[in-house]
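Subject: Structure handover

Hello,

Here is the structure for you to look at. My notes follow below it.

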Amino acid sequence: MLNTTIPKILITGATGQVGSKTIDFLLSNKEVELVAAVRSPEKAAPFTAKGIATVILDFDDESTHLTALKDIDRVLIVTGYTVDMLRQSKVLLDNAKKAGVQHVVHLGACGRDDTTVAHWAWHQLIERYIEWSGFSYTHLRPETFMQNVLSYGGKRTIENGIIHAYVEGARLSWVDVDDVAQVAALALSHPEIHGKQTYRLGYDAITFDEMAELMTFVVGKPFHYEPLSPEVFLQQMRDSGAEMAYMNCVYNHWKRYAAGTIPGADDTFDNFFGITGKQPVKWIDFIKKHKAEFDY
């Protein structure tokens, strides 16, 4: 008798940028079964409306883990922006091992293997724990999300053509979230191809002044970059009640970008076509795609 069971994939962070886009890419794949992890029945409703199965999973409530992971073969792990990501990831991975999960796709952060940027290093420690635990794996290390220029921390990054950032004149490497999600979807669909791979994802390196020039050209209205002190970011995070162990790390990495002391801050890669068969989004493409949102 033929085994007709198809792999079941659990998407954590399903309501976030990368998780939701990964689901979009996987929806047409009839060779896998999708499950969206949500924290409440209310969060499940949009997925149910699309015919996507859901489970309740709270990173901070380990009593939800084994039930959510039951019969799951592959999982995308996307954690939040707090130092708790370390504990959350370890506990979820321990429970994934108990549940028989085979392949883990982990959304990490920027950086070379020897990075000294704190929160990037935390993600690399999680990568090592995934490997040590014996999972098949794909590690994703996206550079700065292009979408951060649309909004960051719940606030618009650009107001009336003025671009604000905390990095002075630094050149950063960038990636479209859609491209990250496309790689995640392929890694989840084909672990036999993408297993034991670390994919650094960054395909266009520009400064904010160069970005302003491109926006002026595409949108047809003037854009200008006005750098802000990292101290402004730090105070905003304090005022918003953000978890400061993590946000202090982000503050420090803004300072290091501005000072030019992050090796490889503008690294770009040529792996996207080999992974997807398509060309990655460059800044000119992204601005055209989001022209209406940049217009003012």
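Which residues touch the most other members of the largest nonpolar core? They are M215, W283 and F294, in a core of 63 residues. Helix α10 (residues 244–259) gives the largest share of this core, 8 residues.

Some ground rules. This is a predicted model: local features need pLDDT of at least 70, side-chain atom pairs count only at pLDDT 80 or more, and totals for chains, interfaces and linings use all residues. Residues are numbered from 1 along each chain as its sequence is written, and side-chain values use heavy atoms, with hydrogens and water left out.

A nonpolar core here is a set of buried Ala, Val, Leu, Ile, Met, Phe, Trp, Tyr and Cys residues joined through side-chain atoms within 4.5 Å. Buried means under 20% relative accessible area (1.4 Å probe, protein chains only). Helices (H or I, at least four residues) and strands (E, at least two) are DSSP runs, numbered from the N terminus.

Back to M215. Leaving out residues up to four places away in sequence, M215 touches (heavy atoms within 4.5 Å) V149, I158, I163, G220, K221, F223, W283, I287 and F294. Another core lies apart, with 32 residues including V38 and I275.

Now strand β1 (residues 8–11). Both of its faces are covered. K8 and L10 are buried on one side, I9 and I11 on the other. β1 runs parallel to strand β2 (residues 33–38), with 4 bridges. β1 also runs parallel to strand β4 (residues 74–77), with 3 bridges. I9 has bridge partners in both: L34 in β2 and R74 in β4.

Best wishes

Terms used:
Buried means under 20% relative accessible area, exposed over 50%, partly exposed in between (1.4 Å probe, protein chains only). Two strands pair if DSSP finds at least two bridges between them.
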